[in-house]
Amino acid sequence: MPVTICLHFETHCLAGNLNERYSVSMEEEKRVMMSLKSKKRARHSRELPPKESDDIEDISFSKDETLQIRASLLEWYDENQRDLPWRRISGGSDERDKRGYAVWVSEVMLQQTRVSTVIDYFKRWMNKWPTLHHLAQASLEEVNEMWAGLGYYRRVRFLLQGAKEVVEEGGSFPETVSELRKIKGIGEYTAGAIASIAFKKAVPVVDGNVVRVISRLKAISANPKDTATVKSFWKLAGQLVDPCRPGDFNQALMELGATLCSLSNPGCAVCPISAKCHALSLSRQNESVHVSDYPTKVVKAKQRHEFSAVSVVEILDCQEMTGSQSNSKYILVKRPNEGLLAGLWEFPSILLEKEADLASRRKAIDNFLQSSFNLDLKESTRIVSREDIGEFVHVFSHIRLKMYVELLVLHPKGSLYVLTYYLMVIEASKTKNWTKRVLHGSMLMAKTLIAWD
C-alpha cells in the first residue's frame, strides 16, 4: 500500500475525533438557489449581486466532505507540488529557526508578487542573510537594495524590524500564531503560514487563492471583502486544515487556487476536489452560472491621480568645466519614515495640486531647493543647462502618479558645504544614457539609482 494512502488513513482517523461542528442545513440549497436568481437579475441590470444574508455564518463542511477533500487534495499536492526553494529547507530540529525564517521571508515576498518573480529574490536574500541573526545586523538601505523591484517596501521594512525584535528577545523563533502576531509586520495570514508550514501547527491560512477555492466549494456569493464573510472563510479553512499535515494542506489549498482553480479559467476537468465543488455542480445545472462567478467580483476603488515635478540636479565642479567628467554629483533626498515609499531615496520631487505647465513646475522646484537646502539658483549657482526630459507614469495599487522630469545642471559659485550639510551627495559619472535609465526608476532607493558606466 502506498505511503500516502497510509498517511491519509491516519489523518482520517484523527480527523474523526477533532471535528465536532459539522451539519448541512436543508436550507442551504434553497439559499444558494435564491442567491443564483439574485445574481442573474444583477447580471442583466449590470449591478453586483445583493449581499448574502447573515446565514453565511451557518455554512460548514460536513465530516465526510472534510475527510475526502483532505485526502484528495494532499494526494494531488504530493504528485504536483511545484519545486520551490523555500520548500527545500528542512524542518528538522537542528534547523527549526532556519525553517521558520525561510517561510517568513518567502511569505512576505509572495504577498502581491508572482511566484516566478520571487524565486530569484529569495535565493539572493538567503545567500546574503541565511539566518534571522544575519538579517538583524543589516541596515534598512541594504535590505531596500535587495528588495528593489518587488515593490510595497513597507513589507521589507517590517521584516527587518521584526527580525531585530526576535533577536532582541533572545533569538528563538516563535512557533504559535499568538506569539508570531506580536512581531512587527506579521498579521493573521503570515502567522498562520509560518506556524503551520514551519512548525506543523494545525491552524488555517486564508489568502486570495484560498478564498477562491472555498467560495467555489460552497458557492458563496457574499462580498469576499465583507468583515463577516472574511470571518466565515477563516472558520471554513479551519475546518478543512489537516491535523497531521497542516503545512502541506495549507500549501496545497493555496497551490490549487494559484494553478488549477484560477480566477477566470478554472481547470475543473482535472481538479482533485471538483466532485465536492458546489459552484461546478450549479454550473452544470444552469448554463447562466459559471464557476468563475465565484467569488463575487468587488468593484475596486478608483485610483487617485497625482502629479509631481522631479528634478535630477547635477552639480559640476571646476574640472567639469574643463572637460573632465569624474566628479559630477547628484542630489538625492530621503523620503519621510512614514507613508508612501517610506525611508527611500529619490531625486528632489514636489507633489503638484494638478497638472501644471513647465514654468509652474520649475517655480515649484526652485522654491523647494531654496527652502529645503538654501540653494538659490540665481545667487549661489549658475545654471549650465535645464532640460525637460519628459513625462513618466508610475502606477501604485491606489495611486497613478504622473512625473514631469527635468535635468538641471548647476555650477556652484561658491562652496558646497551648505548642500552637503543638509543631504547626501552621491558621486557618479554622467552620460545621457545613464540619465535616461535613472529617470525610469526615480522612486527607488539611492544605491539602485546610481549606475556606473
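The residues lining the largest cavity of this structure divide into 12 nonpolar, two polar and one charged. Here Ala, Val, Leu, Ile, Met, Phe, Trp, Tyr, Cys and Pro count as nonpolar, Asp, Glu, Lys and Arg as charged, and the others, Gly among them, as polar. A cavity is a set of points, on a 1 Å grid over the protein atoms alone, where a 1.4 Å probe fits but cannot get out, and lining residues have an atom within 4 Å of a point.

Before going on, please note that this is a predicted model, in which local features need pLDDT of at least 70, side-chain atom pairs count only at pLDDT 80 or more, and totals for chains, interfaces and linings use all residues. Residues are numbered from 1 along each chain as its sequence is written, and side-chain values use heavy atoms, with hydrogens and water left out.

Back to the cavity: of its 15 lining residues, Arg216, Cys261, Cys268, Cys271 and Cys277 lie nearest the centre. Helix H11 (residues 208-217) gives the largest share of the lining, three residues. The space inside is about 120 Å³, a volume being the space filled by probe spheres set on the grid points, which are joined across faces, edges and corners. The structure holds three cavities of 30 Å³ or more.

Now step back to the whole protein. Its secondary structure comes to 19 helices and seven strands; these are DSSP runs, numbered from the N terminus, with helices (H or I) of at least four residues and strands (E) of at least two. Of the 453 residues, 49% are buried, where buried means under 20% relative accessible area with a 1.4 Å probe, protein chains only.

Let us finish with the aromatic rings, where the structure holds six pairs. Rings of Phe, Tyr and Trp (its six-membered ring) pair if their centres lie within 6.5 Å, and planes over 60 degrees apart count as edge-to-face. Trp125 and Trp147 form an edge-to-face pair, 5.9 Å centre to centre with 80 degrees between the planes. Because Trp125 lies in helix H5 (residues 115-128) and Trp147 in helix H7 (residues 140-147), the pair ties together parts that are 22 residues apart in sequence. Trp125 counts as buried at 0% relative accessibility, and Trp147 is buried with a relative accessible area of 0%. The rings of Phe368 and Phe373 have centres 5.6 Å apart and planes at 90 degrees, so this pair is edge-to-face. Phe368 is buried at 16% relative accessible area, and Phe373 is buried at 5%. Finally, Trp104, Phe173 and Phe199 form one aromatic cluster.

Key: Buried means under 20% relative accessible area, exposed over 50%, partly exposed in between (1.4 Å probe, protein chains only). On a 1 Å grid over the protein atoms alone, a cavity is a set of points where a 1.4 Å probe fits but cannot get out, and a pocket is an open set with protein on both sides within 12 Å along at least five of seven lines; lining residues have an atom within 4 Å of a point. Rings of Phe, Tyr and Trp (its six-membered ring) pair if their centres lie within 6.5 Å; planes under 30 degrees apart count as stacked, over 60 as edge-to-face and the rest as tilted.
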